[in-house]
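Trainee: I've got a new model open and I'd like to learn how to read it feature by feature. Can you walk me through it?

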Amino acid sequence: MFNKLEKTLMPIADMLGKNKILVAIRDGFLVSTPVIIVGSMFILFANFPVPGWSEFWARIFGTGWESYFSNVARATFDIISILTVVGIGYAYAREIGADKIQGAVVSLVSFIILMPTAIPYEGVEGPSFVRAISFSYIGTNGIFLAMLVSILSVQIFNWGYKKGWTIKLPQGVPPAVFDSFAALIPSFLVMFIFFLVRIGFELTPYESAHNFIYTVLQAPLMGVGNSLGAQIVYVVSCSIFWFFGINGPAVANSVFSPIFRTLSMENLAAFEAGLPLPHIYTGQFVDLFQTFGGGGSTLSLVILMVTVCKSERIKQLGRLSIVPGIFGINEPIIFGLPIVLNPIMVIPFIGVPLMNTILSAIAFETGFLPYTNGVSLPWTTPLGFSGYLSTGSLRASAFQFLLLILGCVVYYPFIKILDKSYLKDEESQSEEDELADISFEDLSLDDL
């Protein structure tokens with residue numbers, strides 16, 4: 001099976017790896033990886049799932065001390081679309097031989113041109129607007145649009161530049177000045193086109209490109225109700241969105257979150273009244289049994305990265321991600337391994353949560369596990385603790401660890417394929433470095 005998977009998937013991965021657009025998207029996401037890892041640490045500290053943790057630090061820093069840490073998260077996760085559009089714009093310009101800095105700049109400017117900048121609010125004298133940029137447009141909801149804008153804006157810029165639509169300055173002008181004037185007309189072309197695009201969307205019921213993209217992605221999820229089929233649709237769609245770099249729950253929860261919250265509250269009311277719990281598919285079912293460890297239930301993957309992989313890149317990323325992964329934070333894996341646009345890892349990334357969903361549904365339906373009680377737990381509550389606290393049963397904790405082990409089994413052949421590929425690249429790079437060192441040592445003074 002391992003050989004068949006390798007023969008089938010590696011040519012596809014090689015083909016995609018040579019696609020300039022996909023390479024730019026992949027590398028663009030990697031630009032934000034360091035700050036995402038650091039931001040994850042701050043989130044973890046502010047939401048550490050230990051009783052009395054918040055109260056202990058409140059006695060030192062005062063009530064609301066978590067807001068200090070949320071500022072760091074806001075500067076990373078809440079502006080991920082900004083980081084994405086700049087990173088992809090830079091990377092794509094590099095891939096096609098355009099000016100990298102200008103590519104990043106025109107991508108960012110084009111993205112903001114399309115962005116709504118009037119936020120409604122209820123003022124003293126009635127409804128009004130304030131000129132500002134909403135985090136809802138520059139966070140995870142805007143990632144897909146950021147990808148499109150960065151690619152299109154750099155393509156337009158490079159097209160205008162290659163057409164020779166530049167301002168020529170005489171020789172002797174400093175290179176920085178020469179390059180900035182050369183980019184003037186192509187930049188105008190990009191900005192004017194996106195200016196027209198914005199006007200076009202404002203004339204539609206969507207009102208903005210952001211709303212159009214968000215609605216188009218959201219529409220297929222509408223009308224899905226409370227059932228195992230709905231859970232399958234939810235978990236598969238979330239994983240597919242993540243594969244394309246979009247925060248899947250951020251999109252799908254706009255439809256499903258009201259359903260999950262209502263079901264959870266009904267279970268909580270029954271729990272408090274001592275009545276039988278009515279629902280299986282609550283928010284706790286999703287968070288604690290379906291996708292524990294983050295999207296794709298990647299805690300199993302992180303364990304394999306640390307224990308069985310040989311590539312230094314994978315092992316080092318696994319070491320950095322193991323603690324955040326225990327507490328449900330897996331953006332470093334999604335954007336750092338990456339999962340995004342990775343045809344090898346997308347199969348288990350979809351398959352493991354799907355397996356968890358079906359097995360958990362069977363366990364609850366048959367009475368092997370008691371229903372979740374609707375008690376709201378911090379989303380960073382680790383495996384084992386969360387199963388017990390949400391059901392009052394140690395059997396639920398054991399079942400979570402069983403799912404974790406089964407996840408390792410499913411992820412294993414796929415991460416070994418990726419590990420083998422990365423290891424080969426590392427060995428090739430090491431050989432090139434050794435040859436370079438030998439060549440330098442062999443140089444004589446006469447050669448110099």
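Trainee: Let's start with the cysteines. How many disulfides does the count come to?

Mentor: The general idea first: a disulfide is a covalent bond between the sulfur atoms of two cysteines. Keep in mind that this is a predicted model. Here the count comes to 0 disulfides.

Trainee: And is Cys238 buried or exposed? What about Cys408, buried or exposed?

Mentor: Cys238 has a relative accessible area of 7%, so it counts as buried. Cys408 has 15%, and it is buried too because the cut-off is under 20%.

Trainee: Zooming out, how many helices and strands does the protein have?

Mentor: There are 21 helices and 2 strands. Of the 448 residues, 46% are buried. Take the contacts between residues at least 6 apart in sequence: 71% of them join residues at least 24 apart.

Trainee: Where does UniProt place the feature "transmembrane region"?

Mentor: The UniProt entry, which is unreviewed, gives that feature at several spans, including 141–161 and 396–414. Residues 141–161 are 90% helix and 0% strand, with the end C-alpha atoms 32 Å apart. Residues 396–414 come out at 100% helix and 0% strand, and there the end C-alpha atoms lie 28 Å apart.

Trainee: Now the aromatics. How do I read a ring pair?

Mentor: A pair of aromatic rings is described by the distance of the centres and the angle of the planes. In this model the count comes to 15 aromatic pairs. One of them is Trp57 with Phe61, a stacked pair with 5.7 Å from centre to centre and 15° between the planes. Both residues sit in helix H4 (residues 53–61), 4 residues apart, which is about one turn of the helix. Phe61 has 43% relative accessibility, so it counts as partly exposed.

Trainee: Why is the pair of Tyr281 and Phe285 edge-to-face?

Mentor: Because the planes are at 80°, and over 60 degrees counts as edge-to-face; the ring centres are 5.2 Å apart. Tyr281 and Phe285 are both buried. Ring pairs also link them with Phe289, Phe364 and Tyr371 into a cluster.

Trainee: Which ring does the charged end of Arg313 sit over?

Mentor: The ring of Tyr422, at 4.1 Å from its centre. There's also Arg395, which lies over the face of Phe368, 4.8 Å from the ring centre.

Trainee: What about nonpolar cores?

Mentor: In soluble globular proteins, nonpolar side chains tend to be buried together. That's background about soluble proteins, so keep it apart from the case here. The largest nonpolar core in this model has 46 residues, and the members touching the most others include Leu301, Met305, Ile339 and Ile415. Helix H21 (residues 394–442) gives the most to this core, with 7 residues.

Trainee: Which residues does Ile339 touch, not counting residues up to four places away in sequence?

Mentor: Those are Phe243, Leu301, Ile333, Ile334, Met345 and Phe349.

Notes:
Residues numbered from 1 in each chain as written. Predicted model: local features only at pLDDT ≥ 70, side-chain atom pairs only at ≥ 80, totals over all residues. Heavy atoms only, no water. Phe/Tyr/Trp six-rings, centres within 6.5 Å; stacked < 30°, edge-to-face > 60°. Buried < 20%, exposed > 50% of the residue type's maximum accessible area, 1.4 Å probe, protein only. Lys NZ or Arg CZ within 6 Å of the ring centre and 35° of its normal. UniProt positions renumbered as here; feature names shortened; annotations may be inferred. Core = buried A, V, L, I, M, F, W, Y, C linked by side-chain atoms within 4.5 Å. Contact = heavy atoms within 4.5 Å. Disulfide = S-S within 2.5 Å.
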